[in-house]
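Please look through the model below before you read my points. The notes follow in numbered form.

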Amino acid sequence: MTLQEIAKKFRPPAFPGSYFLSFEGIEGAGKSTQIIKVRDYLEEKGFRVLVLREPGGTSFGEKLRQAILNSQSPIHPVAELHLFASSRAQLLHEVTLKELGVPNTVIIYDRYIDSTLAYQGSARKLGFEAVLQSHSSFPLTLVPHITFYLKIPTDLSHDRQKMRNAPKDYFEKQGNDFYTALVEGYEKASELFPERIIQVNGHQEVEHVFQEIKEHVDSLILENSQRPEN
Ligand SMILES: Nc1ncnc2c1ncn2[C@@H]1O[C@H](COP(=O)(O)OP(=O)(O)OP(=O)(O)O)[C@@H](O)[C@H]1O
Ligand SMILES: [Mg+2]
């Protein structure tokens with residue numbers, strides 16, 4: 001099977017009136033900033049919004065998160081891949097699928113499968129095929145209705161990280177080649193999932209970035225509200 005054929009197995013969930021969104025991009029791209037704005041916007045429109053972050057969100061996932069972030073020894077890329085897939089499946093089962101069943105719910109993931117493609121597939125060199133194969137069983141075949149890929153140059157990521165002055169975590173300790181590979185991974189993911197992934201220029205004012213995102217969110221909601229239910 002080609003990558004394109006494998007990619008076709010990944011579909012958004014079908015829960016009337018509920019939506020699944022994700023935000024992607026390298027560190028400092030503006031994911032957290034935009035997620036807050038989108039959450040506030042959708043709450044004002046009357047939606048119930050849940051923001052989820054992997055590998056947390058379940059007690060099982062939180063433990064895995066601490067294990068990765070605090071690791072003193074390098075984690076093998078294959079271990080890393082399966083660890084993320086494992087916590088993802090649990091979060092989909094325990095939270096996402098249940099909550100999406102409640103009408104007028106929006107689930108927003110701060111990073112999802114495209115982070116795994118970029119980090120483990122591209123930067124850790126496992127390849128896209130290995131990542132997609134590890135996600136070939138339900139519920140891991142679920143993907144968002146829209147993924148916003150906030151695109152920024154690697155230099156800007158460094159500058160924004162420096163400004164934040166936060167302690168560097170496991171992934172942030174990597175060098176330049178790693179960041180270049182991440183961006184390449186995100187580009188490749190965007191080509192593989194052209195309908196789902198929307199690239200947004202993250203190197204503009206916060207409000208401009210949000211306006212672009214808002215237009216896509218509005219048309220997603222409009223499209224679905226006009227679809228006859230059967
Ligand atoms: N469009 C923007 N223009 C200027 N600064 C921004 C913009 N968006 C975010 N920032 C600032 O850049 C920093 C990183 O933003 P943010 O935390 O939203 O990124 P992130 O993608 O969530 O990063 P991480 O992957 O590390 O969680 C913050 O200090 C934020 O205020
Ligand atoms: Mg963030």
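**Notes on the predicted model**

1. Start with the surroundings of ligand 1. By class, its shell holds five charged, five polar and four nonpolar residues. Keep in mind that this is a predicted model.

2. Now put names to that shell. In total, 14 residues surround ligand 1. The closest are Glu27, Gly30, Lys31, Ser32 and Thr33.

3. Turn to strand 4, residues 146-151. Is strand 4 mostly covered or mostly open? Mostly covered: five of its six residues are buried.

4. Next, the partners of strand 4. Strand 1 (residues 19-24) runs parallel to strand 4, and four bridges join the two. Find serine 22 and look across to strand 4. Its bridge partner there is threonine 147.

5. Strand 4 also pairs with strand 5 (residues 197-201). The sense is again parallel. How many bridges link strand 4 and strand 5? There are five. To see one such position, find leucine 150, which stands opposite valine 200 in strand 5.

6. Last, a pair of helices. Helix 5 covers residues 113-123, and helix 8 covers residues 176-192. Their axes come within 8 Å and cross at roughly 130°. The crossing of helix 5 past helix 8 is right-handed.

Notes. Residues are numbered from 1 along each chain as its sequence is written. Chains are lettered from A and ligands numbered from 1 in the order in which they are written. This is a predicted model: local features need pLDDT of at least 70, side-chain atom pairs count only at pLDDT 80 or more; totals for chains, interfaces and linings use all residues. A residue is near a molecule or strand if its C-beta atom, placed from the backbone, lies within 6 Å of it. Ala, Val, Leu, Ile, Met, Phe, Trp, Tyr, Cys and Pro count as nonpolar, Asp, Glu, Lys and Arg as charged, and the others, Gly among them, as polar. A residue is buried if 20 or more other C-beta atoms lie within 10 Å of its own, exposed if 12 or fewer, and partly exposed in between; C-beta atoms are placed from the backbone. Two strands pair if DSSP finds at least two bridges between them. Axes are lines fitted to C-alpha atoms, for helices over the stretch in contact, and angles run from 0 to 180 degrees between N-to-C directions. A crossing is left-handed if the near helix is turned anticlockwise from the far one by less than a right angle, and right-handed if clockwise.
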